[in-house]
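The following exercises are to be worked through with the sequence and the model in view. Each task is followed by a solution in steps.

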Amino acid sequence: MTLLNVDAAIPSQTWAVVRLLTYLGKSIALDEARALVSPPSLRSEDTSTRPPFDCAISSLQVLELAHVDANQQELSLVGPTKELASSDDLETYTRILRRAVLKADYNTDLGADNDPTGPRDLTRALAWFLMHDPMEQPIDWVAAQRLLDQKDGKDRRLLKDEVLPLFANDTRWPRFGYWATALGLAAAPVFRTDGRGPLVPDCTLAVKQSVLEVWQAGQRVNAVEALQVLREHLPVLPGGAHSLAVGIPSPGDSTAGTALSFALLRGHDEKWLRLEHDDDARKILLLHDPERPGSPRPISDITILEPTDG
């Protein structure tokens with residue numbers, strides 16, 4: 001199964017199943033779960049497409065977040081989803097789902113061919129998407145095709161031939177939008193814009209969750225070392241393992257790409273981290289700052305702050 005095809009679930013459908021099982025705190029008969037999540041009144045009469053519940057179960061199984069007992073036909077949570085403390089904890093589920101999608105074991109040989117199984121097609125698309133600048137025009141379906149054009153697209157020169165096409169048809173782009181935003185690796189434009197499914201490569205949510213998961217409030221870390229850790233947690237960022245695998249050049253060991261720079265600068269403005277500069281520091285991270293596009297912004301350290309609501 002591939003996550004961008006129509007026979008796979010979108011994230012909200014998987015959350016509905018996980019939330020039910022978390023609320024119950026136990027395994028449940030598959031037919032009972034189907035009746036609770038998708039009662040007859042909500043089911044489509046269209047028999048040509050796979051029911052959303054079945055798509056959700058398959059996708060959760062592919063990511064090893066749920067299991068169906070073949071003999072007893074019981075549905076249960078497995079792995080990290082078993083540790084969810086509350087059926088309302090969507091933030092933790094977002095982190096779990098993102099880790100599952102980006103897990104190295106599910107994304108082997110990303111640059112060897114365009115095998116879409118598991119989350120590979122989504123991972124390749126995320127890596128391509130996050131090499132763009134959030135301050136440029138949002139990317140919609142038409143813009144994505146132009147950028148990825150087989151002959152003239154500017155991104156065509158950066159990706160390995162083996163991984164194209166990323167979006168074989170127009171049904172995959174909206175599904176990419178569902179997944180990318182749910183994983184905290186994209187956002188809708190702040191201002192209304194034309195085009196089909198416009199998206200901004202704003203990975204602030206994923207970066208914020210990763211920062212607050214790795215480091216404690218009050219902790220100060222070297223910015224270059226923080227860059228390495230964030231690339232490990234979010235390997236679809238430029239310079240991360242998945243991004244490199246599909247042929248996207250790294251900005252460098254001490255340079256953040258535009259998407260990550262945007263997220264860190266937002267973090268500073270929103271006060272869940274503080275960017276600092278010490279002239280005597282031995283290792284300096286260079287950020288792309290839209291307020292000073294002619295020269296990178298040097299950062300020596302990042303101090304983690306207590307997050308505030310909003």
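Two strands are taken to pair if DSSP finds at least two bridges between them. Helices (H or I, at least four residues) and strands (E, at least two) are DSSP runs, numbered from the N terminus. The model is predicted, and local features need pLDDT of at least 70, side-chain atom pairs count only at pLDDT 80 or more, while totals for chains, interfaces and linings use all residues. Residues are numbered from 1 along each chain as its sequence is written, and side-chain values use heavy atoms, with hydrogens and water left out.

**Exercise 1. The sheet and its helices**

Determine the strand order of the open sheet of three strands, and identify the helices that pack on it.

Solution.
Step 1. The order is E4-E8-E5, with antiparallel pairing.
Step 2. Strand E4 (220-222) and strand E5 (273-276) are the edge strands; each has a single partner strand, so one side of each lacks a neighbour in the sheet.
Step 3. On average, neighbouring strands of this sheet are turned by 25° against each other, direction ignored.
Step 4. Four bridges join E5 to strand E8 (residues 301-304) in the antiparallel sense, and Arg274 is found opposite Thr303 in E8.
Step 5. Helix H11 (residues 258-270) packs on the sheet and touches E5 and E8, where contact means heavy atoms within 4.5 Å. The direction of H11 makes about 110° with that of E5; axes are lines fitted to C-alpha atoms, for helices over the stretch in contact, and angles run from 0 to 180 degrees between N-to-C directions.
Step 6. Helix H9 (residues 223-233) lies across E4 and E8, and runs at about 85° to E4.

**Exercise 2. A loop residue**

Is Leu159 buried or exposed, and which residues does Leu159 touch?

Solution.
Step 1. Leu159 belongs to the loop between helix H6 (141-147) and helix H7 (172-182).
Step 2. The relative accessibility of Leu159 is 5%, so this residue counts as buried (under 20% relative accessible area; exposed is over 50%, partly exposed in between; 1.4 Å probe, protein chains only).
Step 3. Residues up to four places away in sequence not being counted, Leu159 touches Trp128, Leu148, Leu164, Leu166, Val246 and Ile248.
Step 4. Gly111 is 48 residues from Leu159 along the chain, and their C-alpha atoms are separated by 8.8 Å.

**Exercise 3. Positive phi**

State where Asp109 and Lys271 lie, and give the phi of each.

Solution.
Step 1. Asp109 lies in the loop between helix H4 (90-102) and helix H5 (120-129). Although Asp109 is not a glycine, its phi is positive, about 55°.
Step 2. Lys271 lies in the loop between H11 and E5. Phi of Lys271 is near 70°, again a positive value in a residue other than glycine.
Step 3. Asp109 is exposed, with a relative accessible area of 55%; Lys271, at 55% relative accessibility, counts as exposed.

**Exercise 4. Aromatic pairs**

How many aromatic pairs are there, and which parts does the pair of Phe129 and Phe176 tie together?

Solution.
Step 1. Rings of Phe, Tyr and Trp (its six-membered ring) pair if their centres lie within 6.5 Å; planes under 30 degrees apart count as stacked, over 60 as edge-to-face and the rest as tilted. By this rule there are four aromatic pairs.
Step 2. Phe129 and Phe176 form an edge-to-face pair, at 5.4 Å centre to centre and 75° between the planes.
Step 3. Phe129 lies in helix H5 and Phe176 in helix H7, so the pair ties together parts that are 47 residues apart in sequence.
Step 4. Both Phe129 and Phe176 are buried, and ring pairs link Trp128, Phe129, Trp173 and Phe176 into a cluster.
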